[in-house]
Amino acid sequence: MNHEELVNVATEAGSLLLRSGAEIYRVEESMLRIFEAYGVPDGDVFAIPSCIYVTLTTPQGAPVTRVKRILNRSVNLDLVDRTNDVCRRICREKPPLAEAKRLLDGAAGRPVFGLRAQLLGSPLVGFFFCLFFGGSLLDACVAAVCSAAMRLLIAGLERYRVNAFFCNLCGGAVSGFLTLAAVLLGLSVNTDTIIIGALMNLVPGIVITTFMRDMMAGDVVAGLIRFSESLLVATAIALGVGVSLVLPRLIFGV
Amino acid sequence: MEYLQCLYAFASCVGFCILLNVRGQAILWTSLGGAIGWFFYLLCAPAQNDILQYFVGTLALAVYAEVMARVRRAPATGYLHVALLPMVPGGGIYYTMEYGIAGNTEMFLETGMHTLGIAGALALGILVVSTLARVLTLWGEERQRRAAPRGR
């Protein structure tokens, strides 16, 4: 059997999982199970959110190593689901490696909701969270508009590869400014509920679940990385909104 | 009337499902977790302690997530990720920031600590259920392994 090919297939599976926001233990276990399925019991995998290191030893005693850097991560729960399925299938049926590679490519090629669907999703989030936090119907409509504007801006910034900190900061600032504009126009009064509702769109960046599950499974390094990321996102959101609330006060003295 | 919030939580989870690319029937099941979490939060309202309420809510949705993961043979990741979002103290973070800007240090610290407490309750709830689920799974596998030779 071709061990180089096996390492490539396992790394592909691991990187798909890691890229779409799976926990570290899921990544490592899936890769080790693939090795076991093909009769290599002594593979070693080490993964952190931004990188996978994998080594196995051929029967001749030569190590095969691969380092896979994960640069773009975005949560894609459908991809986690599918890749997990494919990994189980690979372990169960042990198809030829070329076939396994094809299965993984099939999972990676699944459709993703585009910008249009996202522009539908984020107003939904903003609208209902505003109601959830006790806003009126009009407040909720303003929050929906804020969310859509925020999503559009962030999509634009991401196209130019602006970093996540700045994206969240701008997102927070825009929702704050738009809300203040709505209040000045006399459309609504509850600044707080509107801003909170719109900001909930950015909250998925704060991955409490994933980092707790990482920590608990013993991947402390990965957990710390994700924890610092969450802290950065939270700071960025707060800073962005803070700017939008303070600037008008400084300029207009309201 | 209060329980209308569960419906709002459900609907906003549907929005998150679109943002996080959950597809097909899974949208329904995933969003239901958010509503269940908030339902248990409201159910514990007589306790007069919102950190406890958050803890119980998280326990409920984490149990739901682990059960659904077994029933629908999908990773629990998705169910937890989306269902926890309505529980995240967005309001707390916002008010903390607002007090910080206003220079109200006392309230800033108080709200900040309270928000941290809520985050801790969420984390603890997930930790308890995930650990139990892992232990139970390993226990089940061990029992199967031990039962197999005897059965032959």
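How many residues does the contact take from chain B and from chain A? The contact takes 45 residues from chain B and 51 from chain A. Keep in mind while browsing these views that this is a predicted model.

**View 1. Chain A, from end to end.** Ten helices and three strands make up its list of elements. Reading from the N terminus, you pass through α-α-β-β-β-α-α-α-α-α-α-α-α.

**View 2. The sheet of chain A.** Here's the open sheet: three strands in the order β1-β2-β3 (chain A), paired antiparallel. β1 (44–48) and β3 (63–69) of chain A sit at the edges with a single partner strand each, so one side of each is left without a neighbour in the sheet. On average, neighbouring strands of this sheet are turned by 5° against each other, direction ignored.

**View 3. The hairpin from β1(A) to β2(A).** Zoom in on the hairpin, where two residues link β1(A) to β2(A). Five bridges hold the antiparallel pairing of β1(A) and β2(A). To find your way along the pair, look for Val45(A), whose bridge partner in β2(A) is Val54(A). Another spot to check is Ala47(A), which stands opposite Ile52(A) in β2(A).

**View 4. The hairpin from β2(A) to β3(A).** Next up is the hairpin formed by β2(A) and β3(A), with five residues between the strands. Look in the turn for Gly61(A), which has a positive phi of about 95°. Strand β2 (residues 51–57) of chain A is joined to β3(A) by seven bridges, and the two run antiparallel. Val54(A) shows up again here, with Arg66(A) as its bridge partner in β3(A). Further pairs to pick out are Leu56(A) opposite Val64(A) in β3(A), and Thr57(A) with its bridge partner Pro63(A) in β3(A).

**View 5. Helices on the sheet of chain A.** Now bring in the helices that meet these strands. Helix α1 (residues 3–19) of chain A lies across β1, β2 and β3 of chain A, and it runs at about 155° to β2(A). Helix α2 (residues 24–37) of chain A also packs on the sheet, where it touches β1 and β2 of chain A. The direction of α2(A) makes about 160° with that of β1(A).

View 6. The size of an interface is often given as the accessible area lost when the parts come together. For chain B and chain A, that comes to about 4,400 Å² buried between them, with 72% of it on carbon and sulfur atoms.

View 7. Which residue of chain A forms a salt bridge with Arg134(B)? That's Glu29(A), and the closest N and O atoms of the pair are 3.4 Å apart. The count between the two chains is one salt bridge, alongside eleven residue pairs in polar contact, both residues at pLDDT 80 or more. On the side of chain B that touches chain A, at least two residues each come from α1 (4–19), α4 (76–83), α5 (90–102) and α6 (105–151) of chain B. The largest share of that side, eleven residues, is supplied by α1(B). By type, the residues of the side of chain B that touches chain A split into 29 nonpolar, eleven polar and five charged.

Definitions and conventions:
Residues numbered from 1 in each chain as written. Chains lettered and ligands numbered in written order. Predicted model: local features only at pLDDT ≥ 70, side-chain atom pairs only at ≥ 80, totals over all residues. Heavy atoms only, no water. Contact = heavy atoms within 4.5 Å. Buried area = accessible area lost by both parts, 1.4 Å probe. Salt bridge = Lys/Arg side-chain N within 4 Å of Asp/Glu carboxyl O. Polar contact = N/O pair within 3.5 Å; in protein donor to acceptor, adjacent residues only side chain to side chain. Helix = DSSP H or I, 4+ residues; strand = E, 2+ residues; numbered from the N terminus. Nonpolar A, V, L, I, M, F, W, Y, C, P; charged D, E, K, R; others polar. Pairing = 2+ DSSP bridges. Axes fitted to C-alpha atoms, helices over the stretch in contact; angles between N-to-C directions.
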